[in-house]
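Please read the following report alongside the sequence and the model, which is predicted. The sections go from single residues to the chain as a whole.

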Amino acid sequence: MDDQSLEDDGQRIDPPLAHLRDLRDSIDNIDAALVHLLAERFKCTRQVGELKAAHRLPPADPVREAAQIERLQALATQAKLDPEFAKKFLRFVIEEVIRHHERAARG
């Protein structure tokens, strides 16, 4: 009996279930990292919004947004992630950022 087939209480579990549990633990860790990364990203974009508001710049920057989407699609392709998914995800994030910038512009 190997260590992977034991639960914390010493009960035996099937190796596929142990593997499933380990994979889910990894997914949980990755999800936590994603949340923290998004929080950091929004801290930066909040500062961008404040600068834009202070200098009366528009909340959206379509040229920058298009470049970012293109860049992330290329990165996604390199990482073997569906570039359309990457585009949709980034578009969702950008829309939220623009809402924050619009709110900052309103004061």
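R56 is found in the loop between α1 and α2 (62–78), where helices are DSSP runs of H or I with at least four residues, strands are runs of E with at least two, and both are numbered from the N terminus. At 77% relative accessibility R56 counts as exposed; the classes used here are buried for under 20% relative accessible area, exposed for over 50% and partly exposed in between, with a 1.4 Å probe and protein chains only. From C-alpha to C-alpha, R56 and L72 are 28 Å apart in space, while 16 residues separate them in sequence.

The model is predicted, so that local features need pLDDT of at least 70 and side-chain atom pairs count only at pLDDT 80 or more, whereas totals for chains, interfaces and linings use all residues. Residues are numbered from 1 along each chain as its sequence is written, and side-chain values use heavy atoms, with hydrogens and water left out.

## Helix α1

T45 lies in helix α1 (residues 15–54) and is buried, its relative accessible area being 12%. Leaving aside residues up to four places away in sequence, T45 touches V97 and H101, a contact meaning heavy atoms within 4.5 Å.

Rings of Phe, Tyr and Trp (its six-membered ring) pair if their centres lie within 6.5 Å, and their planes count as stacked when under 30 degrees apart, as edge-to-face when over 60 and as tilted for the rest. By this rule the count comes to 1 aromatic pair. The ring centres of F85 and F89 are 6.4 Å apart and the planes stand at 20°, so the pair is stacked.

Both F85 and F89 lie in helix α3 (residues 83–106), 4 residues apart, which is about one turn of the helix. F85 counts as partly exposed at 46% relative accessibility, and F89 is also partly exposed, with a relative accessible area of 38%.

## The chain as a whole

The protein chain has 3 helices and 0 strands, and its elements run α-α-α from the N terminus on. Its radius of gyration is 21 Å, well over the 13 Å that the globule rule gives for 107 residues, so the chain is more spread out than a compact globule; this radius is taken over C-alpha atoms, and the rule is 2.2 Å times the number of residues to the power 0.38. Along its principal axes the C-alpha trace spans about 65 × 30 × 15 Å.

Of the 107 residues, 18% count as buried. Among contacts between residues at least 6 apart in sequence, 46% join residues at least 24 apart.
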